[in-house]
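I opened a new notebook page for this protein.

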Amino acid sequence: MSNNEPIYPIRTAARLLNISVHTLRMYEKEKLIIPFKKSTNHRLYSNSDIQRIKCIRLAINDSKISINGIKTIYSMMPCWEFINCSKEDKSRCSAYLTHNGPCWSVKGENTICAEKDCRSCSVYKDFGECDSIKNFIRNKLAGTE
Ligand code: SF4
């Protein structure tokens, strides 16, 4: 089974993380996470979601980073490298032009990503773990040496 398979109902995810259902809902409302939504509107979480939330918890509890701080860190992720955005795409995309939050929370209606399912996008699903963004930057820099 893939790490991205949505398998845990919200109560199970909360129990695995030792947090409340309310906290999980708040992270979703703040657009830090994108749980899978069933047709019944119930949420399901994958192992990858659990890792992402663990990283968020570490940032909040150990590093004392606020929710807004985490959003700013996510906003630094160069999503345009994955989507291969043109100059024109970038010129009208808040994810490229601002640092208000993760790309999936600020993308505009007229952007290349408007109709994309962010939960299935590499930018969301492959960069949930704490080390993943740093590893990406390391590899990028290694490629430019
Ligand atoms: S599809 Fe969504 S997650 Fe992927 S780069 Fe675009 S806005 Fe970000």
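My entries follow, one topic at a time.

**Overall fold.** I noted at the start that this is a predicted model. I counted the secondary structure next and found 10 helices and three strands. I then read the order along the sequence, which runs β-α-α-β-β-α-α-α-α-α-α-α-α.

I looked up the buried share, and it is 23% of the 145 residues. I turned to contacts between residues at least 6 apart in sequence, and 54% of them join residues at least 24 apart.

In what order do the three strands lie? I read 1-3-2, in an open sheet with antiparallel pairing. I looked at the edges and found strand 1 (8–9) and strand 2 (36–37) there. Each has a single partner strand, so one side of each has no neighbour in the sheet. I followed strand 1 to strand 3 (residues 43–45), and the two pair antiparallel over two bridges. I picked out Tyr 8, whose bridge partner in strand 3 is Tyr 45.

**The ligand shell.** Which residues come nearest to the ligand? I listed 13 residues around it, and the nearest are Cys 103, Cys 113, Lys 116, Cys 118 and Cys 121. I asked where the shell comes from, and found that helix 5 (80–83), helix 8 (103–106) and helix 9 (122–125) each supply at least two residues. I sorted the shell by class and got 11 nonpolar, two charged and no polar residues.

**Backbone angles.** I kept in mind that most residues other than glycine have a negative phi. I placed Asn 18 in the loop between helix 1 (10–17) and helix 2 (21–29). Is Asn 18 buried or exposed? I found 7 other C-beta atoms within 10 Å, so Asn 18 is exposed.

I flagged Lys 31 as well, with a positive phi of about 65° although it is not a glycine. I located Lys 31 in the loop between helix 2 and strand 2. I counted 16 C-beta neighbours inside 10 Å, so Lys 31 is partly exposed.

How values were computed:
Residues are numbered from 1 along each chain as its sequence is written. This is a predicted model: local features need pLDDT of at least 70, side-chain atom pairs count only at pLDDT 80 or more; totals for chains, interfaces and linings use all residues. Helices (H or I, at least four residues) and strands (E, at least two) are DSSP runs, numbered from the N terminus. A residue is buried if 20 or more other C-beta atoms lie within 10 Å of its own, exposed if 12 or fewer, and partly exposed in between; C-beta atoms are placed from the backbone. Two residues are in contact if their C-beta atoms, placed from the backbone, lie within 7 Å. A residue is near a molecule or strand if its C-beta atom, placed from the backbone, lies within 6 Å of it. Ala, Val, Leu, Ile, Met, Phe, Trp, Tyr, Cys and Pro count as nonpolar, Asp, Glu, Lys and Arg as charged, and the others, Gly among them, as polar. Two strands pair if DSSP finds at least two bridges between them.
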